[in-house]
Each structure stands twice: as C-alpha cells, then as structure tokens.
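The sequence and structure come first.

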Amino acid sequence: MAKIIMPDSFLAVTQGEHEIQVQVENYRELVTELTRKWPDLADLLSNTAVAIDGEIFQDPFLEPIGDQSEVYFMARIEGG
Amino acid sequence: MAEAVDYKQIGNRPIRPDGVDKVTGRARFGADLVLPNMIHGKVLRSPHAHARIKQVDVSKALAMPGVYAAVSGGDFPAIDSGDVVDLAKNIMARDKVLYHGHAVAAVAAATPALANAALEAIEVDYEVLSPVLDVVAAMDPGAVLVDENNYTNLPEKPEKPSNIANVGKLVRGNIEEGFELADFVIEREYKVPMAHQGYIEPHACVANVDETGRGSVWCCTQGHFEFRAATAKLLGKDLADLKFIASEIGGGFGGKTVVYLEPVAALLSEKAGRPVKMQMSREEVFRATGPSSGTVTRVKVGFKNDGTITAAETWAAFEAGAFAGAPHMPGIMAIYSPYEIENFVVEAFDVLVNKPKVAAYRAPGAPQTMHAFECALDEAALRLDMDPLDLRMHNAADEGTQAPYGPKFPAIGFKACIEAAKNHPNYTKPVPEGAGRGVAAGFWFNIGMQSSAEVNINENGSVMVIEGNPDIGGSRASMAMMAAETLGVEYDNVRAQVGDTESTGFCNVTGGSRTTFATGMAVVQACEDVIAQCKQRAAKTWGVDDDQVDWQDGQAVPMPGVNADVKPLSLADIAGNAAKTGGPIQGRASLNAQGAGASFSINFADLKVDRETGKVDVLNFTAVQDAGKAIHPSYVEGQMQGGAAQGIGWALNEEYIFDDNGVLENPGFLDYRIPVASDLPMIDTVIVEVPNPSHPFGVRGVGETPIVAPLAACSNAVSRALDQRLTDLPLSPPNIIAALDE
C-alpha cells in the first residue's frame, strides 16, 4: 500500500487525517480515491504539485504509484 | 559526487552569439520596433494609494487633434471569474485604485508629447481612502481593508473580510519537545524591505491589431506564450488571433512574467486602427510594476551545545501588494531546506497592502525567510564559538534527508558546497582587520514545466535550433551547445533562435531556473529524433536495415559486424542527399519536464563598516553553488555573480521608501540605489557539480539560488564587524548609524 501524506492545508478537509494508506497504480487513481473519500479535496488537488518517491511533479496525471511509494502534496513552485 | 563525463561541447565557453549585437546597439529590444503609421500610448496613473474612482472622463482627451484612442477600465471586458480577475484590475483600475501609480486610463496619440498632453485632459473624480501600508498592522482585524471582498482563503470561509489573503503552514515533529531538548534558544524578528528587480530595460511593446481584432504584439517578456494567453483573456479574444514576438530582453529576474502594457496597447491599437508603441519610464517601472515582497519574519531556533538544531519556529508576514499572490509558500518551503530538523513549525501570511502588486524576483520568497534563519544560525555559531560552516555541516541535509516540504532529497550538493567553501583560499585566509566575515546558505527548488523545440537540418548539414523561451541568461548558446553535444557536431555548426508564438510549440516562461533544464531536455530529445531519422536515411542509402546503423561523432556508421562496404555519412552527407531519402530532416520534441533538481549554495564575504558614516564596503565575496552540470560555465558564473550583486544591493541599500500617503519617494536609480561596479569587488565563484540524474547532462538550473544567500551573508558580516546583531535590511548608512546610536 502506498503511503499518502496530507499537507497541513488539507487537514481541515480530511478531518485531521494526516496520513493514509491506499492501493492505487497511478496518480489519477489516487485522486479518484481521495475525492471519493473527501469530495471537497478536489479543488485543492487541482492546484497542487505532488512528490512521488522524491520526484516532484508540477502537473501530475498518470504517474505510477507503487506499493511502497511515498506521496506528498505540496504547493506548486514557480520562480523568477 | 558522480563521475565526471568527458563531454566535447558541454563545459566549453564559446563567445555568446548575441554579444556583438548587444554591445554595438544593433540588438532590438522592446522599444526598438518602429512600424508605419505607428502612434504612441501613455498611461494615466493614480495620484493616490487608495481611493474609490467615482468617475473617469476621457472625452476631452479624445477630442484633441492627434489623439486616436483613449480607454479606461470600462473599455475592457468585465472579468469576474477565472485566473485573470486580479490581473484585469491591475492593468487598468475599475472601481478603486489600490496603489499610487495604479493605471486609471490610457491614450494613443501621434507623438509621445501629444499623448502626455492628452493624459492631462482626462478627468478623474476620486474619493480618497486611508492607505494600508504596514504589513503587520494590515493583519489586524480592525485594519482598513484594501479589498472589502477579500476573505482569507481557508477551508471554511471566514465571517469577515480581511487583508490576509492566504495562510501557509508546515509542521513536523513536536515543537515543544524540540525546544525542551535545546540548551539555548535564539529568538529575533527580522525585516526585509520591498525591493525591485532593477532590470535595465523598462517594459515596452508595440501592438498592431487590425479592424478584425487580430494582430501581433512585439514585446520584452520572459514568456511570450503566457503573455499571449493573458492578453487574449483580458481582451476576450481568441488565443489564435494574437501573435506574440519576444524582443531581446534587458533583464527580467521574474519581473517580466506579468503583463502590464500589452493588453492596453492592443486595445488602443484596435480602437485607433494603427500600431501603438508603449514604453514605461523608469519612474513608472518603480511605481507600477511588481517588486518583491517586503517581509517581517520572527524566528525562534533551539540548539544543543554541540550545534544540533532541536527545533525551529517561524512566523512570516509577506506583503502581497494590492492583490493576493505573495510568495509565502516557497518562502516557508525553502527556509529550513538546507538542514535536517526534526521539529519545526513555519507559518506565513499573504497580506494585502496599498502598494504595487508584487511579482516574482529570483527565488521568490526564499531570500526573505532564509535571511532570518541564516542570521539566527550565525548568532548561534558565535555563541557556540563554532565555525559557521561547521555548524551548517553539522545540520546539513543530504541525499535521503526529508525536505521540509515533504519528499526525501535525491542526490544534492549542499555538503559539497560547504566543503568547497571551507577549502577556498578566501575562507582560509584571516578576516581583514576591522571587517566581519558573514556566511550563509541558499536554496531553490528549481522547476521543469512545458517546453518545445525543433531542430532543422539545413541542406549543408548545419543545424538550426528553434525554441520558445526568450533568451535572458544565454539560452541560445546553451541550447546550441546541448544540440552540438547530442548530435556530435561542432558548436559553430549550430545556430539557435527564439521562435514567436506562431512558429514554434508552446513554452512556459523563461524563469524559475527552468530553461536550460527543461527546454534543454526538449532540444536533446529533438536532436535524438534527428539522429533516428539520419540513421534511417543512412540505412536506405546503404541498403541495410535501420538497426544496422549507429551514430558516432556526428556520423552514421555501420554497426560492428555489418557486412557493407560503406563510408561513414556525416550530417552534411545525409542532408545533401535528403531529397532522395525522404525530404528535409527535422526533429521535434515537446515535453512537460519532470525531475528538476534542487540547487544549494554557500556564500561568504568580508565586509567593513565605517562607524562614522555607516558606509559598508564589500572587501570580497565568494559564491559557491551546485549547478548540477554547467553547460556554459561563464554563463553559470554570470548568474552567480549577478544574483550576488542583486542580493548585496538588497542587503545594503535597496528599499522602497513610501511616505505616509503611500507615495513611493525613491522611484529612480538616483535614490533607489542598486550596486554599481565601483561598489563591488570581483565576485569569486565556485561551481560545484553534483549531476541531476533526471537531466541528460545533469543540469539543475542556476538562476534563482544565487540571490538567496547574499542577504544573510552581508547581514552576518556587518553584525560581526560591529559586534552587534542587526536584524533589519537594508544595512544602509542611515540605518546603520541609527542602529549604532541605539
């Protein structure tokens, strides 16, 4: 099961749940799973970058998520 | 550190292809285009920092001979949803003006003088309101509101509006337990002022929109595709009706990622039926374009007596200017990134004030927060009588360290930077008498995003690279070098150019240290496409299978063991015979680049303070940074030196000074003092190369990180020189004298 860590900004929606374990194959499945559990998360997820096993994706979509993966959501980075 | 690779082109220092045009004045910048029948646009700007607009009347201006068009907020499409709502109000005020210099109306006339005269004929009736100028006071629940419709962006909408637009927070471990483990605690408040990017070229454009509403815009920009998108949205146009052409650009540093003039010029042009040129004066650049956020940061850090950081707690207020969007999130994500800290809290606020809306400035948000934390580390090192580099090495992040923003770092070069600094002759020599030596670390995430590239093989085998990123820091040279390395040809056989929005695929802005990384990756892939095609052409020529052809040193050669009596075919041979083997050869690639590699730095400097005048002299300054791989080391060194110069300026002299009415008192380079050559020593650089495994050549991106560390490096040096901790920037003569008098 992949370990999904919620950022502080998600906790109000996830009722304080900071970490969950899910069985998914890719990011799209993860979003489906999370928004099934917490529909209000959809807006937050649409503007969020994600780090899967240390690699940061600004526009995640079908990136694979393995059984041992660690997934962190984070603010999108831009720059000057 | 990864093994060095023996490249033939990467790492060389060819002369920049745009250099001669730029030093001879031939290069064409934003204001250099002249079109037949062109007229001139000017903007009327608010004399108040905060006021309600009761009426704007442009009729007298429009009636003047030689005036072809005049517009105010009501002439632009009303936009009340989507991602350009605030941008629409920023390019032209609607109901309220929110900062001194906010655009209120614009005219286009036959000459600049006529346009200025027409501005004076525009009548605006204001109801003046109290300005909100102090970021901490603005957060008070009873503060005057910049925007009565702004509610803090929280999961549950607050009952009352506020000047706080957004809040960000990161937490790890147990902060109370962390402080209980500490042998001592450093706690202070630090201030960093609003500062401008200081690009040399003011914003400028020429728009030519015809009676059908279609047209083109020539402008200085960091991203012409995104300028096109914003302009189309603001004017309610189809994206495809506008062509944007990027001129040469005289600096941006994040400040040219935002449209100001382009939609106004396009609307004026459409109304006038003529091309319209608009260019800002330096004063307009200061008053009406986006600087960096001014910040107030409170830091509390716990240490054990061996130097271990046990806990860190930070509170930061970021000035957003008139609209939400301060870089508070990258600020809090960056602050602890160089270090392994088990217990921390960092919280930051994006706060509206009646000042220009902030824009990105190199590593947005990081210089401000990291200034505070790096100063606290220096104070701890002094208390521990510990070398400040040793303190940082003791707590340094490394491969596998969990970044404060979540993921574990892959291979990073922070420890290598500390080691390189520790061994540098500028560090091993004694601190000059009377001076102080300051040390600080820098960090930036770096980003990928979308890029496209085409590689055309000319009939003689020479190579033309077309990419969509305006060349600010030398990208044409670095793209050509990466193409030459991939194809196995000489750099002189490759040219690179920046295509307009109709001649190449989409590219995100040149910014965020992404171009050499992401667009470079697209160029490499486009070259690999070319190689695949060339191998097919050679196979056809030789009558062998495609997989029996290899590519070595810019030539197609038969694979070992292939029984064919053939000579290698160069790119020129294959291009010369292309008509017979399938036509012109063009490689293409488009991608959304992932795997950007974080870049760390160490800066150290010796600074001396004249206690009588408060003048600070920078005796030497050394910047050490992990570039991953330097494609063109001179450009990388230039980025490091440029960022250091800007950071030194921000630390020592640069600040926006507003009066009580919110009027900027120093909107020019005489009073807003950026460093000039005589203010600075030669900035020594050390490029550390810990390759980013996600890039074909190991590139990390180098443009953002160099501005992060200088603020704290200078602050720490001055504090050590004076034996007194100074917390507020800039460390300008009046501020130093005031601090010494306290």
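## Fold of chain A

Chain A contains 2 helices and 5 strands, where helices (H or I, at least four residues) and strands (E, at least two) are DSSP runs numbered from the N terminus. Starting at the N terminus, their order is β-β-α-α-β-β-β. This is a predicted model, in which local features need pLDDT of at least 70, side-chain atom pairs count only at pLDDT 80 or more, and totals for chains, interfaces and linings use all residues. Residues are numbered from 1 along each chain as its sequence is written, chains are lettered from A and ligands numbered from 1 in the order in which they are written, and side-chain values use heavy atoms, with hydrogens and water left out.

Along the principal axes, the C-alpha atoms of chain A fill a box of roughly 35 × 25 × 15 Å.

Of the 80 residues in chain A, 48% are buried (under 20% relative accessible area, 1.4 Å probe, protein chains only).

## Helix pair in chain B

Helices α12 (residues 388-395) and α13 (residues 414-422) of chain B have axes that come within 10 Å and cross at roughly 160°. α12(B) and α13(B) are therefore roughly antiparallel (angle over 145 degrees).

Note on methods: Axes are lines fitted to C-alpha atoms, for helices over the stretch in contact, and angles run from 0 to 180 degrees between N-to-C directions. Angles under 35 degrees count as roughly parallel, over 145 as roughly antiparallel, 65 to 115 as roughly perpendicular and the rest as oblique. Buried means under 20% relative accessible area, exposed over 50%, partly exposed in between (1.4 Å probe, protein chains only).
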